[in-house]
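Hello,

Here is the structure I promised to pass on. Please open it alongside this email, and then read on for what turned up.

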Protein chains: 2
Amino acid sequence: MKFSVTVTLKKDVLDPQGKVVQNTLINLGLDNLKEIRQGKYFEIEIDEKDQNTAKKKIDLMCKKLLANLIIENYKISKL
Amino acid sequence: MKFSVTVTLKKDVLDPQGKVVQNTLINLGLDNLKEIRQGKYFEIEIDEKDQNTAKKKIDLMCKKLLANLIIENYKISKL
């Protein structure tokens with residue numbers, strides 16, 4: 001069973017990495033750009049038949065390692 | 001108009017970062033894990049009313065900066 005996890009910075013947390021990407025894109029001549037924020041993306045394959053159990057395990061992975069819940073949100077989707 | 005972009009390594013490209021995350025999760029006691037691959041995630045807000053034009057601009061951003069087409073794939077979705 002395969003899931004995707006996206007980890008994004010919370011709305012009020014500064015994103016210097018995204019800012020650099022944004023400035024670079026503007027310097028490359030790509031205007032109309034309002035905002036760009038960068039996050040992390042994981043594709044996780046898990047050996048588990050029950051979707052609910054699998055999702056719970058992925059959730060635990062996010063809480064334990066993948067996301068820093070103080071400054072980040074995460075979203076799990078089935079692939 | 002807001003889009004998300006996920007950039008992932010192509011299937012045959014080694015992903016040492018994902019491997020480290022995978023080993024760490026296994027060491028934390030989360031078994032059943034078959035594979036984990038890490039990618040990049042961007043949320044892009046663009047000042048453009050026409051969805052097709054907007055998508056083309058995002059595509060150009062990916063080609064010019066966000067993705068390395070030799071080793072990476074990218075996917076654009078409307079948010």
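**Where the two chains meet**

Chain B and chain A bury about 3000 Å² between them, and carbon and sulfur atoms give 66% of that area. Please keep in mind that this is a predicted model. On the chain B side, the residues that lose the most area to chain A are B:Asn32, B:Tyr41 and B:Glu45, which together make up 19% of what that side buries. The contact draws on 30 residues from chain B and 30 residues from chain A.

Two salt bridges are counted between chain B and chain A. One of the pairs joined by a salt bridge is B:Glu45 with A:Lys34, whose side chains come to 3.8 Å, N to O.

Which elements of chain B supply the side that touches chain A? At least two residues each come from β1 (2-9), α1, β2 and α2 (51-66) of chain B. The one that gives the most is β2(B), with 14 residues. Sorted by class, that side of chain B holds 14 nonpolar, six polar and ten charged residues.

Next, please look at helix α2 of chain A, residues 51-66. Its buried residues are A:Ala54, A:Ile58, A:Met61, A:Cys62 and A:Leu66. Viewed down the axis of α2(A), the buried residues fall within an arc of 100°, so they line one face of the helix.

What covers the buried residues of α2(A)? The cover includes β1 (2-9), β2 (33-46) and β3 (72-78) of chain A, along with α1 (16-27) and β2 (33-46) of chain B. On the face of α2(A) turned away from the buried side, you will find the exposed residues A:Asn52 and A:Lys56.

**A loop residue in chain B**

Last, a stop at B:Lys49, which sits in the loop between β2 and α2 of chain B. Is B:Lys49 buried or exposed? With a relative accessible area of 82%, B:Lys49 counts as exposed, because the cut-off for that word is over 50%. The C-alpha atoms of B:Lys49 and B:Thr8 are 28 Å apart, and the two residues are separated by 41 residues along the chain.

Definitions and conventions: Residues numbered from 1 in each chain as written. Chains lettered and ligands numbered in written order. Predicted model: local features only at pLDDT ≥ 70, side-chain atom pairs only at ≥ 80, totals over all residues. Heavy atoms only, no water. Buried < 20%, exposed > 50% of the residue type's maximum accessible area, 1.4 Å probe, protein only. Helix = DSSP H or I, 4+ residues; strand = E, 2+ residues; numbered from the N terminus. Arc of directions from axis to C-beta. Contact = heavy atoms within 4.5 Å. Buried area = accessible area lost by both parts, 1.4 Å probe. Salt bridge = Lys/Arg side-chain N within 4 Å of Asp/Glu carboxyl O. Nonpolar A, V, L, I, M, F, W, Y, C, P; charged D, E, K, R; others polar.
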